[in-house]
Amino acid sequence: DLAGHTAGGQLPVFAQRAAPIQVSAWGYALTTGLPEMDVLFTEHTFCPLTFPWISEKAYYLPALIPQQPPGAGPPHRPRRPGPLRFGYGGSPAKLNPVILTRWAELLRARPDATLECQYLGFEQQAVQLSILRELDIDPRRVTFGPMMVHAEHLEHVAAWDVALDAWPHTGGVTTLDATM
């Protein structure tokens, strides 16, 4: 299983013991909670040894998500002068009224700051209008862009001053990209 509790996951199939040995890994780094799932490939960052709720036998790997090594992306640049640039590179499906309220508070606290939202789905006008309604700020301060090829995405992320994340469903690789 590479999906866990994400969209399109097949946990009901695994709950019926579809295979003699069932393994969960990569696409979802935490326990499935299914006693029928035998093995979980994970890493200490996602699932510490002290995490008591693992239903599977955990096998710890040195790294679960293949990520470019630091320095493999765009060069680090000094902060450019001007307004603070917030950025979000995750799915709009992970946004909710609670997190958008927090983002609105940030943007109101910094009236000259801007926000860039970039991922698959942000090119849809209905998504943009919904987010703008929740933020209740000048729409000229928010830009939306589609998902990009990885090199272009990293260029955008490198231009952000502060990368934002969603909650409770946080980003994965897109969040790691902001640490490069």
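## Helices, core and caps in a predicted model

In this predicted model, helix α3 has Val127, Ile131, Leu132 and Leu135 as its buried residues. These four cover an arc of only 125 degrees around the axis, and therefore they sit on the same side of α3. On the other side of α3, the residues Gln125, Ala126 and Arg133 are exposed. The elements against which the buried residues of α3 pack are α2, β5 and β6.

**The chain as a whole**

The chain has 180 residues, of which 34% count as buried, and its secondary structure comes to five helices and seven strands. Along the sequence these elements follow the pattern α-β-β-β-β-α-β-α-β-α-β-α. Among the contacts in the chain with a separation of 6 or more, 56% are accounted for by residues 24 or more positions apart. The chain exposes about 10600 Å², and carbon and sulfur atoms supply 62% of that area.

Which residues of α2 are buried? They are Ile99, Leu100, Trp103, Ala104 and Leu107. Seen down the axis of α2, these buried residues fall within an arc of 140 degrees, so they line one face of the helix. The cover over the buried residues of α2 includes the strands β4 (85-88), β5 (114-118) and β7 (162-164), together with the helix α3.

In soluble globular proteins, nonpolar side chains tend to be buried together. Here the largest nonpolar core has 21 residues, and those that touch the most other members are Leu95, Trp103, Leu115 and Leu135. The elements β4, α2, β5 and α3 each supply at least two residues of this core, and the largest share, five residues, comes from α2. Leu95, once its neighbours within four places in sequence are left aside, is in contact with Tyr88, Leu100, Trp103, Phe122, Ile131 and Ala166.

**Asn96 at the start of α2**

Asn96 is found in the loop between β4 and α2, and it counts as buried because its relative accessibility is 18%, where buried means under 20%. This residue caps the N-terminal end of α2, with a side-chain oxygen that lies 2.9 Å from the backbone nitrogen of Val98. The side chain of Asn96 also reaches the backbone oxygen of Trp167, at 2.7 Å. When residues up to four places away in sequence are not counted, Asn96 touches Trp167 and Pro168.

**Val157 in α4**

Val157 is found in helix α4, which covers residues 150-159, and at 7% relative accessibility it counts as buried. Val157 and Gly87 are 70 residues apart in sequence, yet in space they are 7.1 Å apart from C-alpha to C-alpha. Apart from its neighbours within four places in sequence, Val157 is in contact with Asp177 and Ala178.

**Two residues with positive phi**

Arg17 has a positive phi although it is not a glycine, and Asp136 likewise has a positive value in a residue other than glycine. Where is Arg17 placed? Arg17 is in the loop between α1 (11-15) and β1 (23-24), while Asp136, which follows α3, is found in the loop between α3 (125-135) and β6 (142-145). Is Asp136 buried or exposed? Asp136 is exposed, with a relative accessible area of 62%, whereas Arg17 counts as partly exposed at 34% relative accessibility.

| Residue | Phi | Relative accessibility |
|---|---|---|
| Arg17 | about 55 degrees | 34%, partly exposed |
| Asp136 | near 50 degrees | 62%, exposed |

Notes:
Residues are numbered from 1 along each chain as its sequence is written. This is a predicted model: local features need pLDDT of at least 70, side-chain atom pairs count only at pLDDT 80 or more; totals for chains, interfaces and linings use all residues. Side-chain values use heavy atoms; hydrogens and water are left out. Buried means under 20% relative accessible area, exposed over 50%, partly exposed in between (1.4 Å probe, protein chains only). Contact means heavy atoms within 4.5 Å. Accessible areas come from the Shrake-Rupley method with a 1.4 Å probe; for residues, only the protein chains shown count as cover. The arc is that of the directions from the helix axis to the C-beta atoms. A polar contact is a pair of N or O atoms within 3.5 Å; within protein, one must be able to donate a hydrogen and the other to accept it, and residues adjacent in sequence count only if both atoms are side-chain atoms. A nonpolar core is a set of buried Ala, Val, Leu, Ile, Met, Phe, Trp, Tyr and Cys residues joined through side-chain atoms within 4.5 Å.
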